[in-house]
Amino acid sequence: MLIRNPNNPIITRKDIISELPELNDVSSVFNPGAIVIDGETHLLLRVQNRGRETCLVHAVSRDGINFSIDEDIVKVHGLEDHFEKIYHVYDPRITMVEDKLLVVLAVDIETGCKLVIAEMKDWQNWQVVGGVFDVDTRNGVLFPEKIDGHYHLLDRPNLKLSSSEPASGEKIRLLKSTSLNDWTEVGYLLEGRPHYWDERIGSGPPPIKTHEGWLLIYHGVATHFGSSNIYQAGAFLLHLNNPAKVLGRTRYNILEPREMYELVGQVPNVVFPTGLTVDEIDEAGFSMPDSVVSLYYGAADTVIGLATTTIGELLGACRTVN
Ligand code: BMA
């Protein structure tokens, strides 16, 4: 259902060209946030250098396929007010909420991972305006509008399954807040399905508003292959006025590692969607069944892939739940 762009991978390490020592001959570029503003597609790239340090870099494109990439590293101001020592800031998910351009970032600190919300000042400068600081959590996405006067956010609290494994999780949670800072738990919405493609799960890009409900892409991890986890993508649908209500979920994955650049790389067998754009949205923020969806995803934690489909195809797939 998702058609890979023939130019895939659309961004690789060789496209990062900069005088900065931090961006010289980098190792990988993956898991981008995406948004369309005034007809241009903007990405925030997760760039990993040979120090295995993470930098966020902005890229822009007229056609959503060929990107021109900034030479500077994006600054997130105010992080130091919250954390003493930060290891990595990564996996940006970008959402426009009531004229504010916001990004949710995963931030690795000594005690695990927190979610930080930052507002764009310009593409190089973002200011921390909130976050989810209480639990160890990741995969945060903001809804593009307030519901019942509240911001809404999905996250995925981490479980530490064993000391040798990275923290991961298997339940997507809904939170709400009036301020972007103090979040109240509404409840857990979706669980991983042991033995199947999505044993552990987490949201992908931010929700899309459709007449049938909030449409989301998520990632699922099949962990039952011993040392080789497989990261795939699926979709689910939430009620428009009551997003705690799950209306549908794909039984099958809609994208799985198949191409060489998805199967082989820094972390093999990974497609990890974090950015999504829709070509046609009406005045009220709704996309149409034939609106084209462009999904930007990290492949093998090494490069960026692009795959397209339509809203109608995704909604149809959400009805295949068993
Ligand atoms: C997840 C996150 C992602 C990463 C993926 C595959 O747990 O850490 O950033 O792309 O694993 O390694």
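**Entry 1: a hairpin.** I began with β21 and β22, which form a hairpin with three residues between them. Ala-300, in the turn, has a positive phi of about 55°. I take strands as DSSP runs of E with at least two residues, and helices as runs of H or I with at least four, numbered from the N terminus.

**Entry 2: the model.** I noted that this is a predicted model, in which local features need pLDDT of at least 70 and side-chain atom pairs count only at pLDDT 80 or more, while totals for chains, interfaces and linings use all residues. Residues are numbered from 1 along each chain as its sequence is written, and side-chain values use heavy atoms, with hydrogens and water left out.

**Entry 3: partners of β21.** I looked up how β21 is paired; two strands pair if DSSP finds at least two bridges between them. β21 and β22 run antiparallel and are joined by eight bridges. Val-292 stands opposite Thr-310 in β22. β20 is also antiparallel to β21, with seven bridges, and Gly-275 has Tyr-296 of β21 as its bridge partner. Seven of the eight residues of β21 are buried, so this strand is largely enclosed by the rest of the structure. Buried here means under 20% relative accessible area, exposed over 50%, and partly exposed in between, with a 1.4 Å probe and protein chains only.

**Entry 4: cores.** I then looked for nonpolar cores, meaning sets of buried Ala, Val, Leu, Ile, Met, Phe, Trp, Tyr and Cys residues joined through side-chain atoms within 4.5 Å. The largest has 24 residues, and Leu-215, Ile-217, Ile-254, Leu-276, Tyr-297 and Ile-311 touch the most other members. Elements giving two or more residues to this core include β17 (213-222), β20 (271-278), β21 (292-299) and α2 (311-318). α2 gives the most, five residues. Apart from this core lies another of 19 residues, among them Phe-83, Leu-105, Ala-118 and Val-128.

**Entry 5: an open sheet.** I found an open sheet of four strands in the order β11-β12-β13-β14, with antiparallel pairing. β11 (137-142) and β14 (184-191) are at the edges with a single partner strand each, so one side of each has no neighbour in the sheet. Six bridges join β13 (residues 171-177) to β14, and Leu-174 stands opposite Gly-187 in β14.

**Entry 6: Ile-147.** I placed Ile-147 in the loop between β11 and β12 (151-157). Is Ile-147 buried or exposed? Its relative accessibility is 7%, so Ile-147 counts as buried. Beyond neighbours within four places in sequence, Ile-147 is in contact (heavy atoms within 4.5 Å) with His-152, Trp-214, Leu-240, Asn-241 and Pro-243.
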